Every structure is written in structure tokens, then in C-alpha cells.
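Here is a short briefing to read alongside the sequence and the model. Please keep both open as you go through the points.

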Amino acid sequence: IPNTSLSVSTLCLGTMTFGTPVPEAEAIALAHWALDHGINFVDTANMYEGYARRIGSAGGVGEEILGKALRGRRAQAVIATKVGMKIGPTEADEGLSRAHILREIDRSLERLQCEVVDLYYMHRPYPSVPLADSVRAMHDLVDAGKIRYWAVSNFSSVELMELLAVCDANHWRRPVAIQPAYSLLKRDIEATLLPLCGQEQIAVIPYQVLQGGVLTGKYRVGEPAPAHSRAEEKPEWAPKLDEALFSQLAALEREAADRGRSLYQHALQGLLEQQGVVSLILGVKRQEQLA
């Protein structure tokens with residue numbers, strides 16, 4: 001990651017499935033397998049609790065399981081977590097106010113059973129909170145030794161530019177990375193955000209890189225969703241399997257074949273070839289998928 005001491009693996013293990021549908025013991029085994037096979041980068045968030053997630057529920061499950069998985073192995077992992085999404089019933093339970101950020105980092109550290117988070121994300125923009133308050137809180141957390149670097153997620157290029165201006169005007173630390181939704185089926189960031197990140201030396205660490213599993217090639221025209229797939233288990237978190245989508249997939253499969261790749265390989269390699277992309281977050285349920 002530019003302008004940091006962090007060296008991260010090309011693939012990053014996502015933990016949004018930890019808890020449900022991946023039970024704790026299997027999730028821990030999955031994390032251990034990843035560490036044993038060269039993946040040192042793990043992504044979570046204070047809101048993650050698997051498919052049981054609903055707006056305003058308490059979260060914390062992903063971090064708790066990851067904390068257990070990294071007992072005795074903390075030095076092997078680069079941990080990223082996030083703050084900002086709603087994790088309770090009151091106004092104080094969401095957002096990027098200084099008070100909320102300072103409260104939530106302590107809760108995350110306790111669940112992760114560690115003293116410092118390597119990369120701490122603002123999970124999404126909160127226009128109702130002055131940017132300066134949020135940025136100063138992140139800057140101060142680095143000084144306090146609770147985080148090593150900070151980053152943003154789901155910020156547009158315009159929002160990122162505004163944030164960088166606040167950092168520079170106040171001589172505060174800049175974010176070192178951004179986590180956008182990005183896949184070969186969702187390429188809007190290529191026109192604006194990717195060039196900006198290249199110019200500013202901000203690492204791009206995309207999520208939804210397989211678009212809910214669609215880019216693995218498991219879904220076929222005229223066939224029901226495979227058993228235990230995202231579209232079967234959590235359809236509201238999966239793209240709509242319609243004619244337009246399958247037309248796009250067919251074009252991508254031809255593109256992949258021209259390059260001697262499977263659709264799955266092309267979905268990953270196609271992003272890694274883009275400017276500034278340093279690591280791809282993959283959410284998996286089974287060891288075979290990660291292998």
C-alpha cells in the first residue's frame with residue numbers, strides 16, 4: 001500500500017459471511033487456511049454479523065470470530081475494519097462523529113483481541129457530520145497508537161477530493177486506501193475514481209469483485225440458482241438474474257476466453273490490471289472456493 005509500511009497479499013479474506021452462513025469453527029478454520037497459504041490481509045467491519053444482519057442490529061460477530069482466529073497469530077495478519085454504519089437503535093450508534101469513532105475503535109479492538117488495527121475505514125460518507133471532525137478523529141487515533149493507518153469506503157471521487165482538501169488544509173494524515181464496489185459488471189469508478197487514486201497514490205481495495213458470486217460462472221441461463229449459492233440463501237444480496245445480466249456474462253466469457261482465462265480468473269485479473277488496485281476482497285464460505 002503506497003506511503004505505508006503495509007505489505008498485503010493480492011487477495012484479501014472478507015469476513016461478511018462469518019457467523020451465518022459460515023459458523024464460527026468453520027470461519028476460524030477458513031482464516032487459518034488463508035494465513036497458511038499466503039493471504040495475510042483480512043477485512044471486517046464493526047457491523048458484520050453474516051446473513052443475520054439487519055439495519056440497526058448490533059454487529060460485532062465478524063470481529064469477534066476474527067479475534068479468536070488470530071489468537072497467537074496476530075503478527076501474521078494485516079487487519080482492516082470499519083466504522084460508521086448503524087449498529088444500534090439510537091443516533092449515537094451510527095455515523096462518523098468523533099465520539100462515535102472513538103467509542104467504536106475501542107469496541108473493535110476488544111472484539112479483535114488486539115492493541116492496534118492496521119487499517120481503519122470510514123465505512124461510508126456522512127454529510128451530516130463535518131468532515132474535519134471525522135478526519136481529526138482518525139488522525140488522533142494514529143497518534144494514540146490504536147490504528148496504524150486510516151482509509152475510506154464507498155466515497156465517490158468528488159467526496160474523496162473534498163476529504164483530501166480537508167486533510168491538506170489542516171496538515172492531518174491522509175487516507176492511504178479506498179474500498180469501492182467494483183467488478184467487471186460495475187465499472188463506473190474507472191472513469192473518475194481510479195485515475196484520482198493513481199494521481200494521489202491511494203490504494204484501491206475493491207469489494208463485490210465477483211458481484212455476489214455471479215462472476216464465478218456458477219449461474220446459467222434457464223437454470224435455478226445452485227444450492228447454497230448467494231442467490232438461493234440471501235437473494236436480496238445478489239444481483240437480479242435476468243436477461244440483461246446473462247447477456248453481459250456471455251460477453252465477459254468471450255472476453256475471458258480470448259485471453260485464455262476462465263470467467264472467474266478474468267473477473268479477478270481484469271481488476272488487478274487496473275491502475276492503483278492492490279488487493280481484492282473475496283468473501284467465501286468454503287475452503288475450496290478460496291483455494
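The side chain of Ser153 reaches the backbone oxygen of Gln179 at 3.0 Å, a polar contact (a pair of N or O atoms within 3.5 Å; within protein, one must be able to donate a hydrogen and the other to accept it, and residues adjacent in sequence count only if both atoms are side-chain atoms). This is a predicted model, in which local features need pLDDT of at least 70 and side-chain atom pairs count only at pLDDT 80 or more, while totals for chains, interfaces and linings use all residues. Residues are numbered from 1 along each chain as its sequence is written, and side-chain values use heavy atoms, with hydrogens and water left out.

**Around Ser153 and Asn154**

- Ser153 belongs to strand 5 (147-153); helices (H or I, at least four residues) and strands (E, at least two) are DSSP runs, numbered from the N terminus.
- With 1% relative accessibility, Ser153 counts as buried; buried means under 20% relative accessible area, exposed over 50%, and partly exposed in between (1.4 Å probe, protein chains only).
- Leaving aside neighbours within four places in sequence, Ser153 is in contact (heavy atoms within 4.5 Å) with Tyr121, Met122, His123, Arg124, Pro125, Gln179 and Tyr207.
- Asn154 lies in the loop between strand 5 and helix 5 (157-170), and counts as partly exposed at 29% relative accessibility.
- The phi of Asn154 is near 65°, a positive value in a residue other than glycine.

- Eight strands make an open sheet with parallel pairing, in the order 7-6-5-4-3-2-1-8; two strands pair if DSSP finds at least two bridges between them.
- Strand 3 (residues 78-83) pairs with strand 4 (residues 117-122) in the parallel sense over four bridges, and Leu119 in strand 4 is the bridge partner of Ala80.
- Strand 2 (residues 41-43) pairs with strand 3, also in the parallel sense, over three bridges, with Val42 standing opposite Ile79.
- In a regular strand the side chains alternate between the two faces of the sheet.
- From strand 3, Val78, Ala80 and Lys82 point one way and Ile79, Thr81 and Val83 the other way, and all are buried.
- Strand 3 is largely enclosed by the rest of the structure, because six of its six residues are buried.

**Asp93 and its surroundings**

- Asp93 sits in the loop between strand 3 and helix 3 (98-112), where it counts as buried at 10% relative accessibility.
- The side chains of Asp93 and Arg103 are joined by a polar contact of 2.9 Å.
- Not counting residues up to four places away in sequence, Asp93 touches Met85, Lys86, Ile87, Gly88, His100 and Arg103.

**Helix packing**

- Helix 3 and helix 4 (residues 131-143) have axes that come within 8 Å and cross at roughly 30°; axes are lines fitted to C-alpha atoms, for helices over the stretch in contact, and angles run from 0 to 180 degrees between N-to-C directions.
- On the helix 3 side the contact is made by Arg98, Ile101, Leu102 and Ile105, and on the helix 4 side by Asp133, Ser134, Arg136, Ala137, Met138, Asp140 and Leu141.
- The axes of helix 4 and helix 5 come within 10 Å and cross at roughly 65°.
- Here Leu131, Ala132 and Val135 of helix 4 meet Glu162, Leu163, Val166 and Cys167 of helix 5.
- Helix 9 (residues 263-272) has Leu263, His266, Ala267, Leu268, Gly270 and Leu271 as its buried residues, and what covers them includes helix 8 (243-258) and strand 8.

**Backbone details**

- Where is Pro21? Pro21 is in the loop between strand 1 (11-14) and helix 1 (24-36), and a cis peptide bond with omega of about 10° joins Thr20 and Pro21.
- Asn3, in the segment before strand 1, has a phi near 60°, a positive value in a residue other than glycine.
- At 57% relative accessibility, Asn3 counts as exposed.
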